[in-house]
Amino acid sequence: MKTSSFLLAIDSGNTAIKWGLHDGGQWLARGRVLQSERLTLKQAWEALLFPESILISNVAGLQAADDLKA
């Protein structure tokens, strides 16, 4: 029996944060928020299946990085 492992990929750019949940074959969920609204991501991500891995690319600075870790 094969189990799916989920990857949450996050691209934190200067203007917006794009994210997606992938199961190894397809994107199950995707979204985009402005950096000024990044604190709303926690609510969106609470509804997702729990990812086995999280990959973050961040060019938006230390505060954005800290907010994404929370």
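The model is predicted, so local features need pLDDT of at least 70 and side-chain atom pairs count only at pLDDT 80 or more, while totals for chains, interfaces and linings use all residues. Residues are numbered from 1 along each chain as its sequence is written, and side-chain values use heavy atoms, with hydrogens and water left out.

**Fold and dimensions**
- The chain holds 2 helices and 4 strands, which follow the order β-β-β-α-β-α from the N terminus; these are DSSP runs, with helices (H or I) of at least four residues and strands (E) of at least two.
- Along the principal axes, the C-alpha atoms fill a box of roughly 40 × 20 × 20 Å.

**Burial**
- Of the 70 residues, 30% count as buried, meaning under 20% relative accessible area with a 1.4 Å probe and protein chains only.

**Aromatic pair**
- There is 1 aromatic pair, counted when ring centres of Phe, Tyr or Trp (its six-membered ring) lie within 6.5 Å; planes under 30 degrees apart are stacked, over 60 edge-to-face and the rest tilted.
- The ring centres of Trp19 and Trp45 are 6.2 Å apart with planes at 85°, so the pair is edge-to-face.
- Because Trp19 lies in strand β2 (residues 16-22) and Trp45 in helix α1 (residues 41-46), the pair ties together parts that are 26 residues apart in sequence.
- Trp19 and Trp45 are both buried.

Methods
Buried < 20%, exposed > 50% of the residue type's maximum accessible area, 1.4 Å probe, protein only.
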